[in-house]
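Q: Can you walk me through this structure? I have the sequence and the 3D view open.

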Amino acid sequence: MKPISSWGRLSHDHHHVIPLHDRHNVANLIKAKSGQPGIAYGMGRSYGDVALNPNGSLWLTTGLNHLIHFDASTGRLRCESGALLRDIQRLFIPRGWMLPVTPGTQMVTVGGAIANDVHGKNHHLLGSFGDHIQHIRLIRTDGTEIECGPSLNSEWFAATVGGLGLTGLIVEAEIQLRPTSGPWLDTETIPYANLSEFFELADSSEMDWEHTVSWIDCMSNKGQGIFMRANPNEDLKEAPKIKSEKKMPFVPPISLVNSLTLRPFNFAYRNFQKYKAGFGIAHYEPFFYPLDKLLEWNRMYGPKGFYQYQSVIPRNVGQDATQAMLKEIEKSGEGSFLAVLKTFGNKESIGMLSFPKPGVTLALDFPNHGLRTHKLLDRLDAIVKEAKGRIYAAKDARMPRELFEAGYPKLNEFIKYRDAGISSSLSRRLLGS
Ligand SMILES: Cc1cc2nc3c(=O)[nH]c(=O)nc-3n(C[C@H](O)[C@H](O)[C@H](O)COP(=O)(O)OP(=O)(O)OC[C@H]3O[C@@H](n4cnc5c(N)ncnc54)[C@H](O)[C@@H]3O)c2cc1C
């Protein structure tokens with residue numbers, strides 16, 4: 001038994017960790033013998049309890065990290081589910097291929113990216129991770145094996161993409177990579193003064209820019225922030241020097257993110273980015289994954305950890321609901337250090353429980369101050385519910401069941417595909433088992 005946390009470090013409960021190394025032996029290791037359910041655990045980059053199962057089994061997938069086959073004529077890559085997105089990017093980008101969709105960290109496994117159907121900065125163009133998966137090999141705890149894809153057992157595919165690890169263990173996947181001219185991007189950084197300006201920028205960028213994202217200063221309810229957009233640079237081919245990452249060396253006794261540091265940080269960040277405003281060229285790693293430069297940055301929040309809260313709100317009420325959330329945050333005094341605002345495109349997600357849907361998504365981090373933080377999150381829930389939005393399960397550790405049920409209308413359909421030998425803290429909290 002080992003203490004295991006997720007990225008938010010809200011708990012450190014003991015788990016019976018079962019490392020998986022041999023894809024041909026997975027069925028034996030996960031077979032429900034003891035009646036004790038388990039759950040897959042990749043890199044633990046989910047913030048809340050979706051990959052946690054206190055006192056139960058965790059099937060650690062990072063040992064299943066082989067690339068099995070690559071077809072250079074089609075760009076199809078077959079790999080084991082514990083392969084890291086970082087390793088795929090670093091191996092294939094110099095060879096002219098890249099992952100079509102990646103989240104804001106590349107320290108994520110293929111299995112984790114499928115199970116949360118993760119999205120990136122190009123959702124408006126390419127949808128989410130599951131849109132690029134051609135095939136999945138799934139093993140259930142009763143020993144059965146299911147092959148599925150967009151046109152093979154497609155109902156199993158729709159349950160497993162974004163299925164929070166609850167339909168079985170993904171052992172292998174085939175991903176359609178995308179041709180790329182190289183590792184560099186042409187970028188533009190634009191300060192905005194309020195939410196109307198943000199939405200104008202987002203709308204006008206959708207046609208001509210592949211990647212868009214913004215940082216929003218939620219210490220002021222004006223909605224000011226910095227908009228960043230990028231396209232592949234077709235000319236620069238030079239291989240980048242990959243700088244080694246730094247590491248947050250210890251867990252400070254109190255959160256370094258607090259009322260004394262938040263305002264000056266947001267002020268300094270805004271002014272630094274304003275100074276950098278305009279056109280530039282960036283390597284894809286710092287542009288797509290800025291936080292990966294400081295390993296274990298989550299320790300900054302101290303021993304009590306932190307909550308991440310990510311919502312998506314339909315576009316017709318997106319501006320008002322975002323404004324209302326900013327007001328609540330300002331009123332509460334619980335500012336967020338890393339607030340990201342972005343629009344999703346109109347593509348409906350494949351997965352029955354996939355998070356992305358057309359609208360605007362706001363991601364916020366809050367140090368865990370117990371009841372005070374919970375009260376704020378409850379108020380944000382009310383805004384999300386009223387606006388007919390939903391909360392991202394990959395980031396969640398506390399949403400109420402009724403908000404989950406209201407946000408995910410295909411939940412009842414999904415339940416038919418659950419594996420009875422799999423359970424997580426999140427599934428017990430939101431699905432009752
Ligand atoms: C800095 C940072 C930035 C992020 N940015 C984004 C972003 O921009 N967009 C976004 O969508 N997400 C983002 N995330 C969240 C992250 O991408 C997801 O939580 C992702 O699923 C984590 O993958 P993991 O390998 O760490 O999986 P874990 O967190 O270990 O597990 C996640 C889920 O996948 C399941 N799972 C893992 N492996 C398998 C398998 N082989 N078979 C079946 N189920 C499996 C687990 O049971 C669990 O339900 C970010 C996270 C961080 C820390």
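A: We can go through the ligand site, then the cysteines, then some strand pairing.

A: This is a predicted model: local features need pLDDT of at least 70, side-chain atom pairs count only at pLDDT 80 or more, and totals for chains, interfaces and linings use all residues. Numbering starts from 1 along each chain as its sequence is written, and side-chain values use heavy atoms, with hydrogens and water left out.

Q: Which residues come nearest to the ligand?

A: A40, G42, S46, T109 and Y392, out of 35 residues around the ligand. A residue counts as near if one of its heavy atoms lies within 4 Å.

Q: What does the backbone of G42 do there?

A: A polar backbone atom of G42 is 2.7 Å from an oxygen atom of the ligand. A polar contact here is a pair of N or O atoms within 3.5 Å. G112 has a backbone N or O atom 2.9 Å from a ligand oxygen. For I170, a backbone N or O atom lies 2.8 Å from a ligand nitrogen.

Q: How much of the ligand does the protein bury?

A: The protein buries 96% of the 970 Å² that the ligand exposes when taken alone. Areas come from the Shrake-Rupley method with a 1.4 Å probe.

Q: Which elements give two or more residues to the shell?

A: Those are β3 (38-41), α3 (110-115) and β10 (169-176). Helices (H or I, at least four residues) and strands (E, at least two) are DSSP runs, numbered from the N terminus.

Q: And the shell by class?

A: There are 19 nonpolar, 14 polar and two charged residues. Gly counts as polar in that scheme.

Q: New topic. How many disulfides are there?

A: Zero in the whole structure. A disulfide would need two cysteine sulfur atoms within 2.5 Å. For C148, the nearest cysteine sulfur is that of C79, 14 Å away.

Q: Is C148 buried or exposed?

A: C148 is buried, because its relative accessibility is 0%. The cut-offs are under 20% for buried, over 50% for exposed and partly exposed in between, with a 1.4 Å probe and protein chains only. C218 is also buried, at 1%.

Q: Now strands. How do β5 and β6 run?

A: Antiparallel: four bridges join β5 (residues 67-71) to β6 (residues 76-80). Pairing takes at least two DSSP bridges. Four residues sit between the strands of this hairpin, and G75 takes a positive phi near 80°.

Q: What stands opposite R78?

A: H69 stands opposite R78 of β6. In β10, the bridge partner of R78 is E174. β6 and β10 also pair in the antiparallel sense, over five bridges.

Methods:
A polar contact is a pair of N or O atoms within 3.5 Å; within protein, one must be able to donate a hydrogen and the other to accept it, and residues adjacent in sequence count only if both atoms are side-chain atoms.
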